[in-house]
Amino acid sequence: MKNSAYLFCFSGVLKRELQRSLQQRTRFISALVRPLLWLAVFAAGFRGTLEGMVIPLYGSPVDYEVYITPGLVGMIILFNSMQSSLSMVYDREMGSMRVLLTSPLPRSYLLFCKLFAIALTSLLQVYAFLAVAFLFDVAPPPLGYLTALPAILMGAFILGALGLLLASLIEQLENFAGVMNFVVFPLFFLSPALYPLTFMQDGNTWVYWACVINPFTYVVELIRHALYLDLNTPALLVNLAAFTALTSAAVLGFDPARRMLNNRAPKGR
Amino acid sequence: MPVAVNIQALSHSFADRKVLRNVSLTVEQGMFVGLLGANGAGKTTLFSILTRLISNSSGNVVLFGHDLQRSPADALATLGVVFQQPTLDLDLSVLQNLQYHGAIQGMSPTDVQARAQEELERLQLWDRRHERIRWLNGGHRRRVEIARALLHQPQLLLLDEATSSLDLESRIQLIGHIRSLIKTEGLTVLWTTHVAEELETDDQVILLNRGEVHAQGKLSDLITAAGASDANHLMLNLSKSGS
């Protein structure tokens, strides 16, 4: 295979993901509506939550809308990654996965392309959300939009890899509802996306420690700090470790054919 | 004649159930070969191994001189595949589906565009290239799948019960088109089916029964050897012995 073949494959997978993302407009819109509801409704109700509290990163008391925005960015990435892996389960059930697997290019490379494409669609959604959040007076430093980019991409890769790993383990589309209940919601709520971890520490130690070991916590914190021109080194290290572990697990463990065909004879024959 | 497909001592099991037993067969280049067998004969398992969706438990497969296990990229590059199950992306247009396939085959966008036009025009689908697959009927969808399978100019076309969801007219058209490609493009075709009418008496046929190659040769010779009156009778006998 020529080197250019890898490039053509990469751009093709990326283009397809973007085409699907844009053609399924309701998916794109709902990806924005969900965090915007949290920002406009939930944050309005809990505006006084952080009153009198100084969070070192921001330096002075901060509006709740400002605090939860990086958490909602994390939410967008999390949901988009899970939605993309859901579409992978759908592809497998509908058969289009078979076409991908007959490509002469290495499967690990095809997976990398897929991961990158998922990450880029997340990025589009995140920046669309940040543009709307600006109207709610969430205005990080202009350079913060740029410094947050690698943090958002890394988060998208981590969660995308988690999604792909789950997709290869899930046998049927119907089982994906369980992923929402047992993976997505715990990851999101056991994190500092909606409230600082000190709240948890004061309330319930067990929950606090669950937040501490949750990799999504560090995805959110890395984005939060990067958005305000700060590097959270511990969060970066955990992100790098999670990125390495989950991407390796996704590449090594990803075998859609296993769920598609193995361990049972093809139906009817 | 040079060999397109060479399968030697191929076996495969699902858990403790053996579905292919010591299968050995060859397909010569430029031939239309029917892979006939009743349900449960192992046709789809063999097809899945050829397309590397699953790995065989033992034996080896060589496609145009490339060992499928040792050099899968070279072997897979020779293949065009039409699966029994529809595999098009319903939300993308005809052209977008072909563009995606070309990309994952490593083709340049320029080549994809030129080849897509060529194949779609040949199948009278160029005017419908911007339509979403969702809005096409079953016959047209199959034609798109054929165009897609031929896009990267494979040497071997594998079709797994490609006519199973088609009406009679579409079925006749499709078979006619595939046969014409053998003459014009020098393509080798391996056609998996359990419908004997899709084959002509001069066709080379491999009869698969209970995971084993029951017989291989010209269909007319196999009918005579089995003492059957026609291809349907042959299939019926095979089904009875397989059940």
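Start by selecting Leu123(A) and the residues it touches. Setting aside neighbours within four places in sequence, Leu123(A) is in contact with Ile152(A), Leu153(A) and Ala156(A); two residues are in contact here if their C-beta atoms, placed from the backbone, lie within 7 Å. You're looking at a predicted model, where local features need pLDDT of at least 70, side-chain atom pairs count only at pLDDT 80 or more, and totals for chains, interfaces and linings use all residues. Residues are numbered from 1 along each chain as its sequence is written, while chains are lettered from A and ligands numbered from 1 in the order in which they are written.

Leu123(A) sits in helix α5 (residues 107–134) of chain A. Helices (H or I, at least four residues) and strands (E, at least two) are DSSP runs, numbered from the N terminus.

**All of chain A**

Colour chain A by secondary structure and you'll find 12 helices and 0 strands. The radius of gyration of chain A is 19 Å, close to the 18 Å that the globule rule gives for 269 residues, so chain A is as compact as a globular protein of that length. That radius is taken over C-alpha atoms, and the rule is 2.2 Å times the number of residues to the power 0.38. Along its principal axes, the C-alpha trace of chain A spans about 70 × 40 × 35 Å. Of its 269 residues, 43% count as buried. Among contacts in chain A with a separation of 6 or more, 80% join residues 24 or more positions apart.

Next, zoom in on Leu229(A), in the loop between α10 (215–227) and α11 (233–253) of chain A. Leu229(A) isn't a glycine, but has a positive phi of about 60°. With 14 other C-beta atoms within 10 Å, Leu229(A) is partly exposed.

Chain A has a mean of 84, and 90% of its residues reach 70 or more. Which elements of chain A have the lowest and highest confidence? The lowest is helix α12 (residues 256–260) of chain A, at a mean of 55, and the highest is α10(A), at 96. Then select residues 262–269 of chain A, where pLDDT stays under 50; the model has 19 contacts beyond four places in sequence for them.

**Over to chain B**

Chain B averages a pLDDT of 88, with 98% of the residues scoring at least 70. Pick out its open sheet: 4 strands in the order β2-β1-β4-β5 (chain B), with antiparallel pairing. Strands count as paired if DSSP finds at least two bridges between them. At the edges are β2 and β5 (66–67) of chain B, each pairing on one side only. Further in, β1 (residues 3–14) and β4 (residues 58–63) of chain B pair over 5 bridges; find Asn6(B) and its bridge partner in β4(B), Val62(B).

Follow the loop between α1 and β4 of chain B to reach Arg52(B). Arg52(B) counts as buried, with 21 C-beta neighbours inside 10 Å, and its phi is positive, near 65°.

Now jump to β9 (residues 204–209) and β10 (residues 212–218) of chain B, an antiparallel pair with 6 bridges. Leu207(B) stands opposite Ala215(B) in β10(B). The hairpin has 2 residues between the strands, and Arg210(B) there takes a positive phi near 50°.

**Where the chains meet**

Finally, show both chains together. The model scores ipTM 0.82 and pTM 0.82.

How values were computed:
A residue is buried if 20 or more other C-beta atoms lie within 10 Å of its own, exposed if 12 or fewer, and partly exposed in between; C-beta atoms are placed from the backbone. pLDDT is the predictor's confidence in each residue, from 0 to 100.
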